[in-house]
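Visitor: I would like to understand how the terms used for a structure follow from its values. Could you take me through some examples?

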Amino acid sequence: EAAVPGPNEAAIALSRAQKLMEKYKIEAAELNLGNDIGEIMLKPLSAMTTQTSMNLLLSIIKKAFGIESILHTRNSKIQTVSLIGPTDLLECCEYIFTVLSRQAAAAIGNYTSTIECEVLLETFHNTRLILSIEQHVPVFYRIALEPFVFFLQIISEELDLPETQGDYNYLKKISKRFKEARIEAYKKLPDWRVTELKRLFSSKVKEKKNAFILGYFKSIEKKIEEYALTEKTENSITAYISHKYPALTQSRKHYMSSSKAAIEAYQKGVNEGSKVTLNSAIKDRAPRILEVEMKI
C-alpha cells in the first residue's frame with residue numbers, strides 16, 4: 001500500500017500551486033505570452049471513481065485554477081479525467097489532483113469502515129424499528145441484533161468520551177462484527193426478506209457516505225480563493241471543448257438528503273475537510289497520478 005498523506009499535504013500542495021500560478025501570471029505578462037489551451041488525461045484512484053466524489057473534487061480545482069474538466073466513464077464508473085486549461089497551469093492542476101485524490105480517498109476510506117457501527121447504533125436507538133424486526137423477523141433479530149443489545153448500551157456511553165472520538169480502529173471492530181452478524185442472519189432467511197433487509201441497511205450506509213463526502217469537499221472548497229480567468233482564456237477553453245467534445249452533456253448536480261443521519265455524516269465530513277489548511281508551501285513534486293496506487 002502507498003503511504004497515506006499527512007493531513008496537511010493537500011493544503012500544502014494547493015499553496016505551492018497557487019504560488020506557481022502567480023509566477024506564471026507574472027511571466028506570461030512579461031513575455032506577452034498567449035493563453036495556449038491544452039489537455040491532460042489522468043487516471044483516478046479506485047476509491048475516487050464515482051461521479052459524485054469526482055465532481056466535488058474537480059469543483060475545487062476549477063475554483064482554484066479556472067480550468068475545466070471532463071469525465072470519461074464506462075458503466076457509470078470513471079475511467080479517466082481530462083483537465084483542460086492554459087498549458088502552463090496544467091502541471092499544477094495535475095499535482096493538486098493527485099494529492100487531493102489521495103487525501104480524500106484516505107478520509108473516505110476511514111469513514112466508510114466505521115459506517116456499519118453508526119448504522120447499528122442508529123438502529124439500536126430506533127425503538128420502533130427494533131420492535132418491528134423482533135416481531136416480524138425474529139431470526140434476524142436473534143442473530144444480528146440481540147447479541148449487541150447490552151454491548152451497544154456500553155459503547156453508546158463510550159462513544160461520548162473524548163478518548164473514543166475519531167478512534168477508527170475501535171469503530172472498525174464494531175462495524176466488522178455487525179456486518180458479519182448480518183451476513184450470518186441472512187443465511188437463515190428467505191431471499192425476499194434478505195432483499196428487504198439489505199435495502200434497509202444499504203440505503204442508510206449510502207446516505208451517510210454521500211453526506212460525508214459532500215461535507216468533506218465543501219469544507220475544503222470554502223477556504224479557496226476563486227481564480228478568475230480572463231474572458232479570452234474562458235472563451236479559448238470553451239472553444240477547445242466544443243471542438244474536441246461536440247457531444248458533451250452537462251453532468252447532473254448531487255444534493256444531500258436532509259435526514260438526521262445524513263446531516264450528522266455531513267458534519268463529520270466538514271470536520272475532516274477542515275483539517276486541510278492552506279497556509280504552507282512545498283518544494284518537491286508529487287508523483288504522477290498514473291503511478292499512484294492505494295488500496296483502502
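Visitor: In which helix do lysine 218 and glutamate 221 lie, and how many residues apart are they?

Guide: In this predicted model, both residues belong to helix α8 (residues 191-221), where they are three residues apart, about one turn of the helix.

Visitor: What makes lysine 218 and glutamate 221 a salt bridge?

Guide: The closest N and O atoms of lysine 218 and glutamate 221 are 3.4 Å apart, and the rule asks for a distance within 4 Å, so the pair counts as a salt bridge. By this rule the count comes to nine salt bridges.

Visitor: Why is glutamate 221 called buried, and why is lysine 218 called partly exposed?

Guide: Glutamate 221 has a relative accessible area of 16%, and buried means under 20%, so the term applies. Lysine 218 has 29% relative accessibility, which lies between the cut-offs of 20% and 50% and therefore counts as partly exposed.

Visitor: How do you know that lysine 268 forms a salt bridge with glutamate 118, and where do the two lie?

Guide: Their closest N and O atoms are 2.2 Å apart, and because the limit is 4 Å, the pair meets the rule. This pair links distant parts of the chain, with lysine 268 in helix α10 (residues 260-273) and glutamate 118 in helix α3 (residues 87-125), 150 residues apart.

Visitor: What makes glutamate 118 buried?

Guide: Its relative accessible area is 10%, and buried means under 20%, so glutamate 118 is given that term.

Terms used. Residues numbered from 1 in each chain as written. Predicted model: local features only at pLDDT ≥ 70, side-chain atom pairs only at ≥ 80, totals over all residues. Heavy atoms only, no water. Salt bridge = Lys/Arg side-chain N within 4 Å of Asp/Glu carboxyl O. Helix = DSSP H or I, 4+ residues; strand = E, 2+ residues; numbered from the N terminus. Buried < 20%, exposed > 50% of the residue type's maximum accessible area, 1.4 Å probe, protein only.
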